[in-house]
Amino acid sequence: MTENHDETAGMTEAELARHSEKMAKKKQAREKIMATKTDEKGLVIVHTGKGKGKSTAGFGMIFRHIAHKKPCAVVQFIKGAMLTGERELIETHFSDICQFYTLGEGFTWETQDRARDVAMAEKAWEKAKELIRDERNSMVLLDEINIALRYDYLDVNEVIAFLKTEKPHMTHVVLTGRNAKEELIEIADLATEMELLKHPFRSGIKAQQGVEY
């Protein structure tokens, strides 16, 4: 049963006529608004927050690019020690259209070596800049870069300056991870905060293949 059918079930003919008129006005208003949206540009997109789904949302857009045969790239700043389903799928089947670089060595509490973490983050950022500058890439996903920025492994001002001055006009850049810096959110075209309502980890359930990785 469709949503529209649910909404109109049991209506009289007069009520149905009023409903149709209301929907027609809504459609007209929306079409008027959409007609003004004609610009295109490469977006700076930030996915942050304590809730699950930040990287998942980023990879969703990467797979859309792959489906449309648009060249794209991924740089993972943190999850290097973890083999993920996204990485395996892209490297196995779509490496011709999506470059994938895993340059992190796990979460900071795993390495316990700040100097090493800083070095790896800087290496990942250099690769990210190279990929973003390449105008053949329609989108570049910087997975978990917000964590590297949170711990000051990278200078947020340098990242922002690069995105403002060197990012090609039509290239989309997606930055994921908790605790995105306010300065980064400020310059983003699209910023989403994932809100945590419930998480199975709190009930003693471990990260599971196909859900978390």
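Which side chain does Lys25 meet in a salt bridge? The side chain of Glu21, with N and O 3.7 Å apart. Here, a salt bridge is a side-chain nitrogen of Lys or Arg within 4 Å of a carboxyl oxygen of Asp or Glu, and the structure holds 9 of them. Keep in mind that this is a predicted model, where local features need pLDDT of at least 70, side-chain atom pairs count only at pLDDT 80 or more, and totals for chains, interfaces and linings use all residues. Residues are numbered from 1 along each chain as its sequence is written, and side-chain values use heavy atoms, leaving out hydrogens and water.

**A bridge within one helix**
- Lys25 and Glu21 sit 4 residues apart in helix H2 (residues 13-35), so about one helical turn separates them. Helices (H or I, at least four residues) and strands (E, at least two) are DSSP runs, numbered from the N terminus.
- Lys25 is exposed at 52% relative accessible area, while Glu21 is partly exposed at 47%. The cut-offs are under 20% for buried and over 50% for exposed, with partly exposed in between (1.4 Å probe, protein chains only).

**Bridges across the sequence**
- Arg133 and Glu166 pair up through their side chains, at 2.7 Å from N to O. Arg133 belongs to helix H6 (residues 114-133) and Glu166 to the loop between helix H8 (156-165) and strand S5 (172-176), so this bridge ties together parts 33 residues apart in sequence.
- Both partners are partly exposed: Arg133 has 41% relative accessibility and Glu166 has 37%.
- Lys181 bridges to Asp152, with 3.2 Å between the closest N and O atoms. That pair links distant parts of the chain, 29 residues apart: Lys181 is in the loop between S5 and H9, and Asp152 is in the loop between helix H7 (145-150) and H8.
- Lys181 is partly exposed at 22%, and so is Asp152 at 47%.

**A network**
- Glu126, Lys129 and Glu158 are joined in a network of salt bridges.

**A negative patch**
- Glu182, Glu183, Glu186, Glu193 and Glu195 form a negative surface patch. Patches take residues with over 30% relative accessible area and no salt bridge, joining like charges within 9 Å and nonpolar side chains (Val, Leu, Ile, Met, Phe, Trp, Tyr) within 5 Å.
- Asp and Glu count as negative, Lys and Arg as positive, and His and the chain ends are not counted.
- Helix H9 (residues 182-187) supplies the largest share of this patch, 3 residues.
- Glu182 is located in helix H9 and is exposed, at 60% relative accessibility.

Technical notes:
Areas by Shrake-Rupley, 256 points an atom, 1.4 Å probe, with all protein chains shown as cover. Charge placed at Lys NZ, Arg CZ, Asp CG, Glu CD.
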